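Here is a short briefing to read alongside your structure.

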Amino acid sequence: MNYLSVEELTKTYGDRTIFEDLTFGIDQGQKVALVAKNGTGKSTLLRCLIGEEPYDSGRVVFRNNIGIAYLQQSDDLNPENSIYEEVFDHDLPKLNAFRKYSKAVKENNEEEMAALFETISELNAWDLDSLVEQILSKLKLDNHDAKVSTLSGGQRKRVALAKVLIAEPDFLFLDEPTNHLDLDMIEWLEQYLSQSKSTIFMVTHDRYFLEVITDVIYELEDEQLYKYKGNFSYYLEKKAEREENTAAEVGKARSQFKKELQWIRRQPKARGTKQKARIEAFEDTKKVASQNLRKEELEIPIKMERLGTKILELHNVSKSYPDKKILEKLTYTFKRQERLGIVGPNGVGKSTLLRIITGEEQVDAGKVVIGETVVFGYYSQANIEVDENMKVIDVIRDVAEFIPLEKGREMSAAQFLEKFLFPRSMHYNYVYKLSGGERRRLKLMKVLMSNPNFLILDEPTNDLDIYILGVLEDYLKNFQGCLIVVSHDRYFMDKMVDHIFVFEGEGKIKDITGNYTSYRDKQKKELLETQAQKREEKVSLPKEEVKPKKKVEEVSKRKLSYKEKLEFEKLDSEVEALETEKEKLTQILSEGRATSEEMNDASRKLGELMQDLEKKTERWMELAEFV
């Protein structure tokens with residue numbers, strides 16, 4: 001069933017064409033992603049589709065009577081609302097009814113509560129509270145009464161995300177949904193969207209996200225839209241095939257073009273005997289042969305200052321704030337070509353450690369020793385600090401007119417911009433005209449232009465498209481200095497680092513050898529072993545008959561003990577009884593005949609029952625694996 005049809009959509013800003021004659025469709029249940037270079041109009045296209053921005057020509061047609069929600073990069077939240085009020089701030093019958101009911105309960109308005117009972121039952125909204133609790137908990141928005149005006153930018157982004165998820169729309173538009181989420185949140189969101197029944201159209205640079213969730217990828221390149229029916233791996237494979245085929249076609253066309261050009265030149269201009277069809281074919285061949293196949297690459301052989309034997313040493317470094325401990329007696333010595341990744345929940349102090357290393361923040365105890373040859377290049381999360389009326393090339397020239405390369409060569413600021421995929425046509429653009437991704441790329445250029453031998457990158461992948469990420473990874477793989485990366489981009493971390501600092505909170509840091517995936521695999525393995533051990537302990541024999549512990553693999557293949565069989569049968573009946581009790585309580589709430597006290601009591605019992613039911617259902621499913 002078709003949910004969205006887009007026909008010949010065109011959008012321009014003045015004399016600049018953003019996209020032209022785009023035609024595509026999205027069917028019910030599809031998980032679709034749009035990939036394109038920054039500045040080519042991905043976010044503009046989303047806004048045009050949902051009607052927040054006008055387009056020049058074409059048609060956008062949605063199926064009638066479907067619910068639509070849109071997560072944009074810049075939120076549009078009401079600062080006066082609390083978090084709880086904001087996530088319910090939808091013009092949707094189900095959410096409106098439940099919001100009014102919650103307010104009536106809080107104000108003990110029996111008349112209003114009675115009027116809403118039947119509506120909530122008809123809309124099947126009694127379980128909405130538990131859904132809201134789950135989403136807010138996973139996104140770490142636990143203070144439901146906090147005003148939106150008091151939240152940080154990252155918290156506001158998570159509130160906006162919670163708001164669109166709670167709406168449970170038929171069609172969900174997401175613009176960079178993983179920005180400002182920590183790794184645990186990203187993995188939860190990945191699982192949530194994979195299981196969601198919503199049709200999804202998203203823009204994201206998270207390549208693992210694209211790998212797991214999407215079943216269709218659209219690529220906007222050279223004003224053409226290419227469709228790939230598969231995930232990110234499939235897209236990379238088929239894109240490479242398409243480029244190879246295009247190269248073969250262009251090569252053949254150029255060979256043909258030379259022959260036809262000679263024929264065209266031999267014909268007298270005054271004669272009208274040229275074959276019209278052959279001339280038209282020549283123009284078509286010329287168009288194909290003129291395609292630029294040069295792949296833009298970020299290869300910058302910068303001559304780096306050599307690092308000495310002493311690089312960076314942390315000796316018993318401690319740091320705390322009044323309400324939070326960040327570091328406790330951290331001791332570590334950095335070696336040459338160190339490639340360190342830093343992970344952990346938001347707010348545990350990852351960026352604080354970077355500021356301590358660069359001297360922007362002082363320690364409470366201990367000392368930081370920096371080698372004399374170290375030249376830091378620090379890329380922070382803060383926006384680029386330049387006059388927005390400056391021209392792009394002047395921003396780079398302010399750092400240096402030329403940068404030294406290997407073998408005594410030099411590179412000009414203009415050449416450096418081109419290497420960073422800023423074409424000559426953009427060099428004299430003003431900074432205020434740049435997109436978010438282009439500004440971050442310009443800031444990254446400023447850092448690299450200073451020719452550091454110790455790079456510190458704090459969330460370098462935010463707002464960068466997958467093309468820039470690819471070439472940045474190529475550059476960093478050839479970087480001979482030390483590298484510290486804080487990133488929520490799992491794909492980027494896997495390629496860049498060889499060990500990880502895991503911030504666990506309360507000043508505790510664990511050093512894990514390997515990349516991010518190996519760290520998560522180890523975590524999952526430890527969790528499985530812990531669960532298996534707990535299962536063993538529950539079914540263990542008396543102490544004198546205890547046998548050696550089995551391996552996880554053996555535990556997973558065993559049969560239920562007699563005791564567990566009894567437990568399984570008991571859970572079966574208990575879950576059924578709880579479901580029956582749930583229906584009774586729901587009926588009490590929906591009929592509206594009970595007193596206010598009875599209704600409050602039924603509401604409280606229903607909440608407790610739901611928790612018990614979830615717990616027993618999980619245990620039943622756990623045992624059911626071995627039946």
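Cys-48 is buried, at a relative accessible area of 1% (buried means under 20%, exposed over 50%, partly exposed in between, with a 1.4 Å probe and protein chains only). This is a predicted model, where local features need pLDDT of at least 70, side-chain atom pairs count only at pLDDT 80 or more, and totals for chains, interfaces and linings use all residues. Residues are numbered from 1 along each chain as its sequence is written, and side-chain values use heavy atoms, leaving out hydrogens and water.

**Cysteines**
- Cys-482 is buried too, with 0% relative accessibility.
- The whole structure holds 0 disulfides (pairs of cysteine sulfur atoms within 2.5 Å).

**Helix 4**
- Helix 4 covers residues 110-122 (helices are DSSP runs of H or I with at least four residues, numbered from the N terminus).
- Its 13 residues should span 18 Å at 1.5 Å a residue, and the end C-alpha atoms agree at 19 Å apart (the expected span is 1.5 Å times one less than the number of residues).
- At Leu-116, helix 4 bends by about 35° (the angle between axes fitted to the seven residues ending there and the seven starting there).
- Met-113, Leu-116, Phe-117 and Ile-120 are buried in helix 4.

**Helix 7**
- Helix 7 runs over residues 183-195, and its 19 Å from first to last C-alpha is close to the 18 Å expected.
- Buried residues in helix 7 include Leu-183, Trp-188 and Tyr-192.

Terms used
Helix = DSSP H or I, 4+ residues; strand = E, 2+ residues; numbered from the N terminus.
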